[in-house]
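Work through the exercises below with the structure in view. Try each task before you read its solution.

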Amino acid sequence: MSDFELSITPSGDVINQLRDHIVILSMETQTAFAEIYGGFDWRADLSDPAVFWFESSPPTIFKPYFIGSTSGESNTWLWGWENINGFPDELVEISANAREIGEVLQASELTTAKLALGAEARAAAGLPERENADQDYVFAAMALSPIQVPVLYRGPTGEGSYAWFLIENDEAFSLPDPTPLATVNAVANAIKSGLVSDCRLALEKYAQRRDGVTLVETSVGVDLVMESGTVHLVLDELGRVREATVKASAS
């Protein structure tokens with residue numbers, strides 16, 4: 001079970017709600033991570049113990065968690081917990097955790113091993129329309145993981161297929177103290193991406209998970225407050241961000 005508080009309405013779209021829990025933090029994290037490791041090739045040894053590394057000098061080693069895979073041939077998603085390759089239990093534990101919580105929430109997309117990705121095949125299977133379902137499933141697993149700052153890595157495996165991992169090594173990568181500029185950029189990037197379903201929920205969950213950020217309700221929206229300043233967000237009647245301003249703390 002995740003160590004982070006979930007706010008889920010089971011009658012709603014569980015996958016979208018879980019994505020809202022993590023998408024702003026993910027935008028901030030992936031931007032910072034790419035600045036350091038974006039130029040390096042990746043390798044992985046998924047035997048026991050599994051390791052993932054970038055071919056920096058010296059190589060930078062991370063602990064991997066296999067979430068699932070996208071097949072370019074069949075245009076399907078396969079959850080890592082199905083474990084057709086006999087990977088170590090620890091390697092698939094985060095995907096298995098997503099399945100366990102999915103059973104509690106009665107969210108079939110978390111508990112069905114193989115899922116269609118194409119629009120027609122999804123409709124035929126009674127699955128909700130998702131433009132990037134494989135990415136959404138990884139976001140859901142991220143939201144349910146106990147990792148404070150989960151890093152997503154999509155590794156190409158040939159012919160339009162990908163392996164999706166969460167990786168961690170706090171010594172090799174962790175987020176710096178939050179700043180208003182990095183925070184407002186993360187919020188803006190998440191909204192521009194079209195991945196935010198419920199902006200107020202996304203902001204609330206970002207502040208809960210991001211060390212050093214506090215959300216304060218205001219008469220017009222919310223403030224994201226940190227030691228170095230504040231991001232003022234004006235929300236409209238539907239809870240969408242209408243305006244954002246940044247104020248740095250006085251030095």
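**Exercise 1. Decide whether Arg122 is buried or exposed.**

Solution. Start with the cut-offs: buried means under 20% relative accessible area, exposed means over 50%, and partly exposed lies in between (1.4 Å probe, protein chains only). Arg122 has 2% relative accessibility, so Arg122 counts as buried.

A word on the model. It is predicted, so local features need pLDDT of at least 70 and side-chain atom pairs count only at pLDDT 80 or more, while totals for chains, interfaces and linings use all residues. Residues are numbered from 1 along each chain as its sequence is written, and side-chain values use heavy atoms, with hydrogens and water left out.

**Exercise 2. Find the salt-bridge partner of Arg122 and say what the pair ties together.**

Solution. Step one is the general idea. Side chains of opposite charge can pair when their charged atoms come close. Step two is the test: a salt bridge needs a side-chain nitrogen of Lys or Arg within 4 Å of a carboxyl oxygen of Asp or Glu. Step three is the pair. Arg122 meets Glu109 in a salt bridge, at 2.9 Å from N to O. Helices here are DSSP runs of H or I with at least four residues, strands are runs of E with at least two, and both are numbered from the N terminus. Step four is the partner's cover. Glu109 has 7% relative accessibility, so Glu109 counts as buried.

**Exercise 3. Which strands pair with β9, and in what sense?**

Solution. Two strands pair if DSSP finds at least two bridges between them. Strand β8 (residues 214-217) pairs with β9 over 4 bridges, antiparallel. Here Val216 stands opposite Asp223. Strand β10 (residues 229-235) is joined to β9 by 6 bridges, also antiparallel. There, Val222 faces Leu233, and Val225 has Thr230 as its bridge partner.

Next, check the links. β8 and β9 form a hairpin with 3 residues between them. β9 and β10 form a hairpin with 2 residues between them. Last, check the cover: in β9 (residues 221-226), 5 of the 6 residues are buried.

**Exercise 4. Give the strand order of the open sheet and name its edges.**

Solution. The order is β8-β9-β10-β11, 4 strands with antiparallel pairing. β8 and β11 (241-248) each have a single partner strand, so one side of each is left without a neighbour in the sheet.
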